[in-house]
Amino acid sequence: MSTTGQPPRVSAFIPCRNEERYIGACLDSLLTCDYPQDRLEILVADGMSDDRTRAIVSEYAARHPSVRLLDNPKRITPAAMNVGVRNATGAIIMPMGAHALYPRDYITRLVAALAETGADNVGGVLVTVPADDTPVARALAIALSHPLGVGNSYFRIGATERRVVDTVPFGCYPRAVFDRIGLFDEELVRNQDDELNGRLVRQGGRIVLIPEVVSRYYARRSFKQVARMFFQYGYFKPLAARKIGRVLTARQLVPALFVLGLGGSALLAPWSAVGRWLLAAITVTYAAAIGAAALAALRYGARCTLALAAAFPVLHVSYGVGFLAGLWPRRADARRVAVVPLSR
């Protein structure tokens with residue numbers, strides 16, 4: 001509660017680029033929330049979209065004084081995040097995603113949880129939903145919510161109680177956090193929120209997952225889109241770890257170790273019995289794990305089950321190869337990855 005007795009002013013900002021498919025529904029979910037609209041501003045930091053995103057946001061801004069369209073000429077997510085923070089007028093700052101839909105009480109409950117916990121950042125659970133009704137889109141949504149796909153990432157797989165974590169999606173921060181630790185690192189096209197949260201924890205801050213607060217997030221719709229995204233997640237993870245000074249969680253290392261084990265044993269196999277044994281052990285174990293996990297898609301039919309069996313290797317190999325490439329980035333490689341314009 002502010003010193004005036006009113007709820008604190010909240011600045012929600014959405015980094016986006018070419019999100020005409022999702023931005024309208026996202027804005028609708030925020031504009032119909034139960035937080036007092038006169039205490040809420042919604043900033044959309046657009047990376048110079050060349051579809052209808054800017055026109056759609058402009059239409060919303062013309063009808064709703066709380067909505068503002070901001071330019072992000074750098075066209076990358078961390079720059080958009082910083083545009084949002086710099087233009088925010090609220091005492092509480094909430095980075096949000098254009099691919100997400102938020103329940104009516106989302107902002108109200110997170111603002112309350114921030115006060116209740118005394119944390120420096122709170123966030124809820126993401127329920128990942130398919131981008132469309134195809135077997136591949138449905139399989140990708142399942143994989144991104146399954147422990148085999150994302151490990152013990154509690155904001156994706158859920159939790160039974162509030163808990164201190166290393167990161168949360170769409171966090172709810174007191175503005176003072178950014179005054180204290182600085183803004184998002186614009187060298188990190190991906191993982192900029194992980195690095196900021198790691199910096200926050202390193203400086204004594206606390207991040208709390210609020211599992212009773214749930215938003216819905218639309219997954220990407222194709223293997224190609226997810227492979228590119230997860231390669232970039234992996235590629236920028238070592239840089240984020242170097243900046244933080246440590247790897248935040250063991251789950252970040254598992255895909256790279258899997259790729260190294262599989263690739264190394266495959267290279268040794270023609271000349272070494274040990275290599276053949278390792279290759280067989282890794283392959284059989286991994287195939288069994290995928291087979292067991294793919295049962296989660298049986299109720300959606302055989303095509304979805306097969307797509308899910310393919311989705312897990314796409315996630316693991318893309319991330320693992322990206323992570324290994326990011327360990328020894330060449331300047332030209334980093335530049336090539338960094339210029340890819342990204343939506344949140």
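## A charge over a ring

A charge is said to sit over a ring when NZ of Lys or CZ of Arg lies within 6 Å of the ring centre and within 35 degrees of the ring normal. In this predicted model, Arg 190 gives one example: its charged end sits over the ring of Tyr 233, 5.0 Å from the ring centre. Arg 63 gives another, with its charged end over the ring of Tyr 60 at 4.8 Å from the centre.

## The overall picture

Now let us step back to the whole protein. It has 14 helices and nine strands, and its C-alpha atoms fill a box of roughly 75 × 45 × 40 Å along the principal axes. For 344 residues, a compact globule would have a radius of gyration near 20 Å, and the 21 Å of this protein agrees with that.

Buried residues make up 52% of the 344 residues. The accessible surface comes to about 15000 Å², and carbon and sulfur atoms account for 60% of that area. Among contacts with a separation of 6 or more, 80% are between residues 24 or more positions apart.

## Rings that meet

A pair of aromatic rings is described by the distance of the centres and the angle of the planes. A search of the whole structure finds 11 aromatic pairs. One of them joins Tyr 102 and Phe 170 edge-to-face, with 5.8 Å from centre to centre and 75 degrees between the planes. This pair links distant parts of the chain, 68 residues apart: Tyr 102 is in the loop between strand 5 (100-101) and helix 4 (106-117), while Phe 170 is in the loop between strand 7 (163-164) and strand 8 (173-174). Both Tyr 102 and Phe 170 are buried.

Phe 178 and Phe 184 make a tilted pair, because their ring centres are 5.9 Å apart and their planes are at 45 degrees. Phe 178 counts as buried at 5% relative accessibility, and Phe 184 counts as buried at 4%; the cut-off for buried is under 20%.

In soluble globular proteins, nonpolar side chains tend to be buried together. Here the largest nonpolar core has 62 residues, of which Ile 14, Ile 23, Met 94, Tyr 106, Ile 107 and Val 122 touch the most other members. Apart from that core lies another, of 26 residues, including Leu 144, Cys 304, Ala 311 and Phe 323.

What does Tyr 106 contact, leaving aside its neighbours within four places in sequence? The list is Met 94, Met 96, Pro 169, Phe 170, Val 213, Val 214 and Ser 215.

Helix 1 (residues 23-31) is mostly covered, with seven of its nine residues buried. These buried residues are Ile 23, Gly 24, Cys 26, Leu 27, Ser 29, Leu 30 and Leu 31. Their cover includes strand 1 (10-16), strand 2 (40-46), helix 2 (53-63), strand 3 (67-71), strand 5 and helix 4.

Helix 5 (residues 135-143) has Ala 137, Ala 139, Leu 140, Ala 141, Ile 142 and Ala 143 as its buried residues. They pack against strand 6 (121-129), helix 6 (147-150), helix 10 (223-244) and helix 13 (302-327).

Key. Residues are numbered from 1 along each chain as its sequence is written. This is a predicted model: local features need pLDDT of at least 70, side-chain atom pairs count only at pLDDT 80 or more; totals for chains, interfaces and linings use all residues. Side-chain values use heavy atoms; hydrogens and water are left out. Rings of Phe, Tyr and Trp (its six-membered ring) pair if their centres lie within 6.5 Å; planes under 30 degrees apart count as stacked, over 60 as edge-to-face and the rest as tilted. Helices (H or I, at least four residues) and strands (E, at least two) are DSSP runs, numbered from the N terminus. Buried means under 20% relative accessible area, exposed over 50%, partly exposed in between (1.4 Å probe, protein chains only). A nonpolar core is a set of buried Ala, Val, Leu, Ile, Met, Phe, Trp, Tyr and Cys residues joined through side-chain atoms within 4.5 Å. Contact means heavy atoms within 4.5 Å. The radius of gyration is taken over C-alpha atoms; the globule rule is 2.2 Å times the number of residues to the power 0.38. Accessible areas come from the Shrake-Rupley method with a 1.4 Å probe; for residues, only the protein chains shown count as cover.
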